[in-house]
Amino acid sequence: MKKILIKICGLTRVEDVQAATAAGADVIGFVFTTSPRQISIDKAIELCSYVPEGVLRVGLFLGQSRSEVEHVIRSVPLDVLQFHGGETEQFCSVFNMPWLKAVAMENDGSVRKAEREFPGAMGLLLDSHVKGEQGGSGKQFDWALSSPVAKPVWRAGGLNANNVKRAIQTVR
């Protein structure tokens with residue numbers, strides 16, 4: 001049985017990073033794209049210093065240029081990159097770091113299509129889809145659309161203390 005990893009993304013304060021890691025988060029995500037949860041490079045460096053050994057630090061990007069991503073990864077001690085926009089396999093692979101590709105869950109073919117288009121991804125992050133918008137909406141999608149694939153799958157969108165057990169049972 002595979003271990004379920006917990007990723008908390010979009011943290012902007014030291015006390016939130018400390019609380020998330022104390023509660024057992026395996027992965028902490030930092031947003032570097034335009035968002036209410038976007039943080040500066042300086043803030044990310046500070047927050048990363050509070051992430052304990054063994055907890056992965058992920059940088060989230062959406063449509064940024066290669067030079068913007070390179071500037072962040074030269075400055076911030078990240079372990080994994082996460083791409084949420086229209087980035088290609090070639091673009092995501094150029095940074096020589098492990099990376100996740102976010103998949104907007106539109107229909108039952110979304111996961112398989114992403115697996116074919118992004119063979120270099122360490123995993124696929126399945127997130128809800130709002131027509132005309134990019135990035136996560138924080139809304140729950142139909143977990144039955146999460147067809148099994150060979151890659152590790154990360155599920156996002158609308159998970160909370162009341163439904164996470166059902167989410168795990170549904171997609172296991």
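## Close-up views of a predicted protein model

**View 1. The whole chain, before zooming in.** Buried residues make up 44% of the 172 residues in the protein; buried here means under 20% relative accessible area, exposed means over 50%, and partly exposed is whatever falls in between (1.4 Å probe, protein chains only). This is a predicted model, with local features needing pLDDT of at least 70 and side-chain atom pairs counting only at pLDDT 80 or more, while totals for chains, interfaces and linings use all residues. Residues are numbered from 1 along each chain as its sequence is written, and side-chain values use heavy atoms, with hydrogens and water left out. The protein has six helices and seven strands, taken as DSSP runs numbered from the N terminus (helices are H or I with at least four residues, strands are E with at least two). Reading from the N terminus, the order is β-α-β-α-β-α-β-α-β-α-β-β-α. Of the contacts (heavy atoms within 4.5 Å) between residues at least 6 apart in sequence, 50% join residues at least 24 apart.

**View 2. Strand β5 and its two partners.** Strand β5 covers residues 99-104, and five of its six residues are buried, so the strand is largely enclosed by the rest of the structure. Strand β4 (residues 80-83) pairs with β5 in the parallel sense over three bridges; for strands to count as paired, DSSP has to find at least two bridges between them. To find your way along this pairing, look for Leu81, whose bridge partner in β5 is Trp99. Strand β6 (residues 123-127) also runs parallel to β5, joined to it by five bridges. Here, Leu100 sits opposite Gly123 of β6.

**View 3. Inside the largest nonpolar core.** In soluble globular proteins, nonpolar side chains tend to be buried together. The largest core in this model has 35 residues, and those touching the most other members are Phe30, Phe32, Leu78, Leu81 and Phe83. Helix α2 (residues 41-48) gives the largest share of this core, with four residues. A nonpolar core is a set of buried Ala, Val, Leu, Ile, Met, Phe, Trp, Tyr and Cys residues joined through side-chain atoms within 4.5 Å. What does Leu78 contact, leaving aside its neighbours within four places in sequence? Its partners are Phe30, Phe32, Arg57, Val58, Gly59, Phe61, Val72, Ile73 and Met97.

View 4. The structure holds seven salt bridges, each one a side-chain nitrogen of Lys or Arg within 4 Å of a carboxyl oxygen of Asp or Glu. In one of them, the side chains of Glu46 and Lys43 meet at 3.2 Å, N to O. Glu46 and Lys43 are three residues apart in helix α2, so about one helical turn separates them. Glu46 is partly exposed at 33% relative accessible area, and Lys43 is partly exposed at 27%. Over in helix α3 (residues 66-75), Glu70 and Arg66 lie four residues apart, about one turn of the helix. Their side chains also form a salt bridge, at 2.9 Å, N to O. Glu70 is partly exposed at 23% relative accessibility, and Arg66 is partly exposed at 42%.

View 5. Between Glu15 and Arg13, the closest N and O atoms are 3.2 Å apart. Glu15 is partly exposed at 42% relative accessibility, and Arg13 is partly exposed at 41%.

**View 6. An isoleucine patch on the surface.** Ile4, Ile6 and Ile8 make up a nonpolar surface patch, with about 220 Å² of accessible area together. Patches are built from residues with over 30% relative accessible area and no salt bridge, joining like charges within 9 Å and nonpolar side chains (Val, Leu, Ile, Met, Phe, Trp, Tyr) within 5 Å. Ile8 belongs to strand β1 (residues 7-9) and is partly exposed, with a relative accessible area of 32%.

**View 7. Asn96 in its loop.** Asn96 lies in the loop between α4 (89-93) and β5. Phi of Asn96 is near 55 degrees, a positive value in a residue other than glycine. Is Asn96 buried or exposed? Asn96 is exposed, at 73% relative accessible area.

Terms used:
Accessible areas come from the Shrake-Rupley method with a 1.4 Å probe; for residues, only the protein chains shown count as cover.
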